[in-house]
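User: I have a model open here and would like to talk through how it is put together. Can we take it piece by piece?

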Amino acid sequence: MSTSSPVKAEEMDVLLKRAVEFHGHLGPFLVLGLRMGLIGLRELNAKRREKKLRVTAKLKYSIPFSCVVDGLQIATKCTMGNKKLRIRNYSGIEAKFEIEGGKQVTVAVNSALFDTLKRELPSGNVPSEEIRELARIVASTPEEELFTISRG
Ligand SMILES: [Zn+2]
């Protein structure tokens, strides 16, 4: 089974640039958040700037995991500031997307990938070129290898 890419490659490049500009650097968790946000929109058939969209990010709210939040914000326009995004503490990484009073979907980062990233990104000084390389890997890995999508 293959899932259609939520956006065209060129659009992904534009979004990625915007995310890096906003967040300050390119890293794998930022890319994960961006991709999760785009999948959430696609699964709910929602437009970016959908007014009734709400996002709950479930993760450990510390760097590098918290970088996911900025990717989600860029993809969905649900932000801390407009109160359409909230954060819940969780040992893995998931994001729940819901249209107020309507459909919802959860996108979870597969635990094997999460474990790999945690291993590759120990706290401390990781060369930034290595981090950018991990980000590129996350950007180009097929969706079904990265995420589990559950509707309900
Ligand atoms: Zn980051």
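User: Where does Arg 54 sit?

Analyst: Arg 54 lies in strand β1, and since this is a predicted model, everything I say about it is computed from predicted coordinates.

User: Is Arg 54 buried, exposed or partly exposed?

Analyst: Arg 54 counts as partly exposed, because it has 17 C-beta neighbours inside 10 Å, whereas a residue needs 20 or more to be buried and 12 or fewer to be exposed.

User: And which residues does Arg 54 touch, leaving aside its neighbours within four places in sequence?

Analyst: With those set aside, Arg 54 is in contact with Cys 78, Lys 84, Glu 98 and Glu 100.

User: Changing topic, what about Glu 10, buried or exposed?

Analyst: Glu 10, which is found in helix α1, is exposed, because 8 other C-beta atoms lie within 10 Å of it.

User: How far is Glu 10 from Thr 79 in space?

Analyst: From C-alpha to C-alpha, Glu 10 and Thr 79 are 24 Å apart, with a sequence separation of 69 residues.

User: Staying with α1, at what angle do α1 and α3 pack?

Analyst: Helix α1, residues 9–23, and helix α3, residues 67–76, pack at an angle of about 130 degrees, and their axes are 10 Å apart. That angle makes α1 oblique to α3, and the crossing in which α1 passes α3 is right-handed.

User: Which residues meet there?

Analyst: On the α1 side they are Leu 15, Arg 18, Ala 19, Phe 22 and His 23, and these meet Cys 67, Asp 70, Gly 71, Ile 74 and Ala 75 in α3. By class, the residues of this contact of α1 with α3 divide into six nonpolar, two polar and two charged.

User: How do α2 and α3 cross?

Analyst: The axes of α2 and α3 come within 6 Å and cross at roughly 35 degrees, and this crossing, too, is right-handed. Among the residues that make the contact are Leu 30, Leu 34 and Leu 41 of α2, together with Val 68, Leu 72 and Thr 76 of α3. The contact of α2 with α3 has 14 nonpolar, five polar and one charged residues.

User: How many residues of α3 are buried?

Analyst: Ten of its ten residues are buried, so that α3 is mostly covered. The buried residues include Asp 70 and Gln 73 as well as Val 68, Val 69 and Leu 72, and the buried residues of α3 pack against α1, α2, β1, β2 (85–89) and β3. Just after α3, Lys 77 takes a positive phi of about 65 degrees.

User: How many residues does the largest nonpolar core have?

Analyst: The largest nonpolar core has 38 residues, and those with the most contacts inside it are Leu 30, Leu 32, Leu 34, Val 55, Ala 57, Val 68 and Leu 72. Two or more residues each come from α1, α2 (28–43), β1 (53–59), α3, β3 (94–99), β4 (104–109) and α5 (128–140), with α2 giving the most, nine residues.

User: What does Ala 57 touch, not counting residues up to four places away in sequence?

Analyst: On that basis, Ala 57 touches Val 68, Val 69, Leu 72, Leu 85, Ile 87 and Ala 95.

How values were computed: Residues numbered from 1 in each chain as written. Predicted model: local features only at pLDDT ≥ 70, side-chain atom pairs only at ≥ 80, totals over all residues. Axes fitted to C-alpha atoms, helices over the stretch in contact; angles between N-to-C directions. Helix = DSSP H or I, 4+ residues; strand = E, 2+ residues; numbered from the N terminus. Parallel < 35°, antiparallel > 145°, perpendicular 65-115°, else oblique. Left-handed = near helix turned anticlockwise from the far one by under 90°. Contact = placed C-beta atoms within 7 Å. Nonpolar A, V, L, I, M, F, W, Y, C, P; charged D, E, K, R; others polar. Core = buried A, V, L, I, M, F, W, Y, C linked by C-beta atoms within 7 Å.
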